[in-house]
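Good morning, colleagues. I would ask you to look at the sequence and the model on the screen while I take you through a few selected places.

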Amino acid sequence: MINVTDLTKTFGKNQVLKGITTTVERGEVVALIGPSGSGKSTFLRCLNMLETPTSGAITIDGTAITDPKTDIARVRQRIGMVFQHFHLFPHMTAIDNITFAPTQVKGMPLEEARKKAKELLARVGLSDKADSYPSRLSGGQKQRVAIARSLAMEPDIMLFDEPTSALDPEMVKEVLNVIRSLADSGMTMLIVTHEMKFAREAADTIYFLDDGKLVERTKPEQFFTKPQSERAARFLEQVL
Amino acid sequence: MNRKKLKVIYFSLIAFVVLFLAIGQALPLGANDSRTVSAASAADAPAEGQKKKLVMGTSADYPPYESVDAKNNGEIIGLDIDIAKYITSQLGYELEIANMDFNGLIAALQTGRVDFVMSAMSATDERRQNVDFSDFYYAARNTIVSKKSAPLESEESLAGKRVGAQLGSTQDLYAETIEGAELKKLNKIPDLIQELNSGRIDAAIVEDAVAVEMTNANPGLTMHFLPADSAENGYAIAFPKESALVSDFNGVLAEMAENGKLEEITQKWFSDEKEQSNRLLNIDFSVLQGYIPYLLKGVYVTLLFTLVSALFGLVWGTILSLFKISGIKPLEWFATAYTSVFRGTPLLVQLTIIYFATPQLFNYDIPALMAAGLAFGLNSAAYLSETIRGGILAVDKGQREAAIALGVPYRKMMIRIIFPQALRNILPALVNECVALLKESSLVSVIGVTDLMRRADVVRSIEFRSLEALLFIAAIYYVLVLILTSFARKLERRLRRSD
């Protein structure tokens, strides 16, 4: 369970998050929606401390990750993150990308890590690409390898930061399918996305952010049919 | 986060110290003159108190008095050596010879590294203030060497001419007294020959023995002896002040003059004339015959030196680049100041300071090769730290974030994720640095490391021919650079296989 209390983040003079308070239950799938610059990505990046919050508190399963005394690296091992631009390690093959963290961080034996990596590659439909370098993969394939890389650490929570925004349209589906199957398996997930159809189908909860505030937090059906705020209504008008 | 960074820095510092010590251990092997009879043992001999052994310091680049027998086994031979051998055997000592730079001989006497010095050294008043001299064993005459086509025969004829002399030599002092002459001071005898041949000077003042060799090797030159001037030019054996050896040596010298031994040795070295070859061409590579193996051994020294200083520079440069991006102010300041100083002063100056100042400041007699490796490594690190810093910063920020998000610790992230990618970015720059190091390594010859350049100098001083050895080693340097770059190209291809 993730508890966020009055979270703010300021870059220089620009306050990006203006006090966000919310709770994400175990197994809940949250889609974060909102205009660009609304603070969606910053919020997500605060959840694994890639951005240090200016004020406020975040606890994950009782651990206060905003506490400076917390060993944040340990917490991060339990939180997978998938980036818009994949960030695969270009000097390693697909399978080495996946086995790197389990072997180097958790000390898992290489044999075991490779076996697991192969299972993960099968799960994202890339069994034949194990020994390919990232430069030989398409955008969609790269993102699926990146998801497998995060899953290899067996996280409790997965964060997706616009996972399909950098993809050619024909590759969006293959990535969304992987994420959807992950959602169905009961993983706790937060997804920043512009794919409204996907959000509506896959998410349990929609967070609508605007101007650094969590404006709406509702079920998808209600959000997409009867948005409560005027800002959300206007946003939906523009994107649908 | 910060604690992690500190850990890395401690680790780096320890690595640096270990490396430093390792160099200290490894380098004396090839240090100084590998061709000397036993230069390495010179330093500990007096301390050990082995009474039966005397260490003699000499600068073996002055035939026929002392030179390296580069054509044979690299032993040091010459008139001074024969006299020293005779005297020490008469007195019941064993003789050890330590080859070093002429400028360092007096200091070596004063610090007790050698027991006496024989190196065609004139007993000047200045030197007498610091050391004691034996009686003269040879009196050299000043000699004018000039072109056969424009011979100069007397001191008066030198008025209005350009006259060359070896810097710091007795002839240099004499040349200053020649009226109306325009004086040009050069570092080496072969330089004088070259300047004569190319017409930049009209005459060179050298001593008789050197003049004989010069004219033998260069048929276009002629010599004229000047009348032997007082006792000022006499060669004598130098001892530390108050040394008890002086009277012993003087005794034997007197005997030798009496029984003709001195005359015999002198004759041996001066009558040993070279065959008059017909060197009509300006350049004649046959003079290198017999020296090739000796010169080629310099390749090993040059490569070893380049490798050590490149590795040292890379490691230390990496540490400095980490300092620069550490976000810890004092470390950043240190690294920036360091880079500024080492980039802002000439390498040759740094090298000379490290070699000559270390014994004075730290009381540690730093071996030449180690001083050179240190100077080049320190200097190259300054340049590399900027290159590496750029390489690290050029790695996509997302790589760092991806590693952090996976919970990878800082050190592993740097070593396994960031450096390999940075290395790929900066490989061409690193190769450039290595090529530069390889070529600049020729600077180390000034402190007596027997690299390629130094060996060429030795051959030049023996043969009294200037160009051939230089052209030969230039070709070797070029081939080495070609090999290095082709090797680097292979490495680059390997690193780029993931593209």
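In what follows, contact means heavy atoms within 4.5 Å. Please also keep in mind that this is a predicted model.

I begin with Thr143(B). This residue belongs to strand β8 of chain B, which covers residues 142–147. Is Thr143(B) buried or exposed? Its relative accessible area is 0%, and because buried means under 20%, Thr143(B) counts as buried. Setting aside residues up to four places away in sequence, Thr143(B) touches a run from Ala204(B) through Ile205(B), Val206(B) and Glu207(B) to Asp208(B), and also Ala211(B), Met223(B), His224(B), Phe225(B) and Leu226(B). With Asp208(B) there is a further detail: its backbone nitrogen lies 3.4 Å from a polar atom of the Thr143(B) side chain.

Let us stay in chain B and turn to Phe102(B). It sits in the loop that runs between β5 (94–99) and α5 (105–110). Phe102(B) is partly exposed, with a relative accessibility of 28%. Which residues does Phe102(B) contact, leaving aside its neighbours within four places in sequence? They are Ser59(B), Ser119(B), Met121(B) and Arg127(B). The C-alpha atom of Phe102(B) is 10.0 Å from that of Tyr62(B), and these two residues are 40 apart along the chain.

The next residue is Phe285(B), in the loop between α11 (261–270) and α12 (292–324) of chain B. With a relative accessible area of 42%, Phe285(B) is partly exposed.

For residues 299–488 of chain B, an unreviewed UniProt entry gives the annotation "domain: ABC transmembrane type-1". Over this range the chain is 84% helix and 0% strand, and the end C-alpha atoms are 19 Å apart.

One residue of chain A deserves a separate word. Asn48(A) is found in the loop between α1 (40–46) and β4 (55–60), and at 0% relative accessibility it is buried. What does Asn48(A) touch, not counting residues up to four places away in sequence? Its contacts are Ile72(A), Arg76(A), Ile79(A), Met81(A) and Leu159(A), together with Ala405(B) of chain B.

Conventions. Residues are numbered from 1 along each chain as its sequence is written. Chains are lettered from A and ligands numbered from 1 in the order in which they are written. This is a predicted model: local features need pLDDT of at least 70, side-chain atom pairs count only at pLDDT 80 or more; totals for chains, interfaces and linings use all residues. Side-chain values use heavy atoms; hydrogens and water are left out. Helices (H or I, at least four residues) and strands (E, at least two) are DSSP runs, numbered from the N terminus. Buried means under 20% relative accessible area, exposed over 50%, partly exposed in between (1.4 Å probe, protein chains only). A polar contact is a pair of N or O atoms within 3.5 Å; within protein, one must be able to donate a hydrogen and the other to accept it, and residues adjacent in sequence count only if both atoms are side-chain atoms. UniProt positions are given in the numbering used here, feature names are shortened, and annotations may be inferred rather than shown by experiment.
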